[in-house]
Amino acid sequence: MTLHQVEITSDELRNLVSPRALEGETVLLNMGPQHPSTHGVLRLLLELDGETVVRCIPDIGFLHTGIEKNMEAKTYEKAEVMTDRLDYLNTMGNTLAYCLAVEKLVDLDVPPRAQAIRVIHTELQRIASHLVWLGTHALDLAAMSVFLYCFREREQILDMHEMSSGQRMMTTFFRPGGLWRDVTSEFEPAVRKFIKSFPARIDQYEDLLSENPIFIDRTKDIGVMSGDEAIAMGVTGPSLRGSGVKYDLRKEEPYSGYEQYDFDVPVAEEGDVYARYFVRMKEMRESLKIVEQALDSLPGGPVRSDNRKFVPPPRAELGTSMEAVIHHFKLWTEGFPAPKASVYVPVESPRGELGVYLEGDGGPKPYRCYWRTPSFVNLQALPMLSEGHYVADLVAIIGSIDIVLGDTDR
């Protein structure tokens with residue numbers, strides 16, 4: 001672990017640290033923003049008494065991209081491509097939230113087949129995100145094998161994303177009114193093969209970690225957060241459910257047809273690092289149940305709305321209809337107007353509540369686009385979770401709240 005000593009250079013910093021630091025009884029150290037266990041460019045200012053964390057002050061902004069303001073400078077359809085770059089481990093979920101917001105703003109329908117395919121891809125994306133979390137979390141705690149196994153399964157999911165969208169990560173597959181195109185013929189067999197083999201893979205991960213005495217020592221009773229504390233801080237997702245609060249937007253405020261699927265919301269009462277691990281492992285099994293149900297009931301029909309005011313004509317019509325060419329050209333150059341109104345649409349991302357606030361002014365570009373990202377909100381629990389623990393425990397705590405810095409800084 002590389003730590004660099006920090007000097008107190010401002011009155012603002014003096015207000016953040018304890019009087020003991022000013023008297024030289026504790027040490028101020030930087031952890032990051034290049035430290036591998038901070039899961040991105042997160043800088044932590046640590047006040048340490050020996051190896052014990054007295055205070056932990058997160059410093060963000062090193063990955064700020066101005067995506068929200070850039071989206072406001074583009075038409076509604078063109079702005080969507082930026083959503084993939086927020087939480088880059090939840091690209092399908094990001095585009096789903098944005099498309100739902102646009103559809104609500106302009107009152108645009110989505111065909112049933114498109115909704116089912118959206119659910120399949122979003123749940124596969126949730127599993128892929130949890131696999132990256134599990135592999136890197138285990139790697140932070142010196143379990144190298146789990147990291148390699150998790151990325152083995154993640155590759156299969158990225159291959160399925162590529163079958164549908166042509167891209168492994170930055171897919172922009174969902175579009176306002178439905179999908180870019182229908183899934184390919186090899187997609188369903190690939191998904192069914194995955195959901196048949198993956199439960200045994202989860203068993204393998206759990207065999208390596210769940211009763212491993214070293215993993216238990218590094219995670220049990222570490223970074224404890226009660227349900228009331230989590231609610232007070234606005235924490236959502238597995239970090240909230242790991243503190244005993246059974247809240248999942250797919251159940252509480254169903255979207256995209258989630259109300260028709262039978263699945264459970266895993267919770268754990270302990271509120272520690274191990275509890276958050278437990279919840280995510282169970283969530284992967286529940287996502288498999290949702291994907292299988294969506295496949296079994298997958299309807300036929302179109303995958304994009306036929307509302308030509310907001311949706312481009314099918315590509316097949318461009319070679320036979322001049323009206324279709326003109327319509328396509330105008331939608332992609334001028335965009336479509338949205339009413340002077342505002343909407344907020346939340347979805348359940350792998351990290352918690354991901355919400356999109358969109359405000360229209362009657363023109364083809366959003367007047368205001370704001371993202372409520374779970375990584376940004378959940379990160380504020382880190383100072384409380386880490387206080388009184390060793391620096392080595394801080395590595396486990398950071399991993400347990402599963403932040404993505406692209407989701408934090410925007």
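This is a predicted model: local features need pLDDT of at least 70, side-chain atom pairs count only at pLDDT 80 or more; totals for chains, interfaces and linings use all residues.
Side chains of opposite charge can pair when their charged atoms come close. In this model the count of salt bridges comes to 29. One of them joins Asp-296 to Arg-192, with 3.0 Å between the closest N and O atoms. Asp-296 is in helix α13 (residues 273–296) and Arg-192 is in helix α8 (residues 187–209), so this pair ties together parts of the chain that lie 104 residues apart in sequence. With a relative accessibility of 53%, which is over the 50% cut-off, Asp-296 counts as exposed. Arg-192 has a relative accessible area of 30% and is partly exposed.

A further salt bridge is formed by the side chains of Glu-283 and Arg-241, at an N to O distance of 2.5 Å. This pair also links distant parts of the chain, since Glu-283 is in helix α13 and Arg-241 is in helix α11 (residues 238–241), 42 residues apart. Is this pair buried or exposed? Both Glu-283 and Arg-241 are buried. The two residues also belong to a network of salt bridges that links Glu-123, Arg-126, Arg-241, Asp-248, Arg-250, Glu-283 and Glu-348.

## The sheet β7-β8-β9

Strands of a sheet pair through backbone hydrogen bonds, either parallel or antiparallel. Here, three strands form an open sheet in the order β7-β8-β9, with antiparallel pairing. Strands β7 (342–349) and β9 (368–372) are the edge strands, each pairing on one side only. From one strand to the next, the twist averages 15°. Helix α5, comprising residues 91–106, packs on the sheet and touches β7, β8 and β9. The direction of helix α5 makes an angle of about 155° with that of β7.

Strands β7 and β8 are antiparallel and are joined by eight bridges. A hairpin of two residues connects β7 to β8. Pro-346 has Gly-355 in β8 as its bridge partner. Strand β7 is mostly covered, with six of its eight residues buried. Tyr-357 stands opposite Tyr-370, which is in β9.

## A nonpolar surface patch

Which residues make the nonpolar surface patch of about 280 Å²? The patch is made by Leu-139, Met-144 and Leu-148. Leu-148 is located in helix α7, which covers residues 144–165. The relative accessibility of Leu-148 is 52%, so this residue counts as exposed.

Technical notes: Residues are numbered from 1 along each chain as its sequence is written. Side-chain values use heavy atoms; hydrogens and water are left out. Patches are made of residues with over 30% relative accessible area and no salt bridge: like charges are joined within 9 Å, nonpolar side chains (Val, Leu, Ile, Met, Phe, Trp, Tyr) within 5 Å. Accessible areas come from the Shrake-Rupley method with a 1.4 Å probe; for residues, only the protein chains shown count as cover. A salt bridge is a side-chain nitrogen of Lys or Arg within 4 Å of a carboxyl oxygen of Asp or Glu. Helices (H or I, at least four residues) and strands (E, at least two) are DSSP runs, numbered from the N terminus. Buried means under 20% relative accessible area, exposed over 50%, partly exposed in between (1.4 Å probe, protein chains only). Two strands pair if DSSP finds at least two bridges between them. Axes are lines fitted to C-alpha atoms, for helices over the stretch in contact, and angles run from 0 to 180 degrees between N-to-C directions. Contact means heavy atoms within 4.5 Å.
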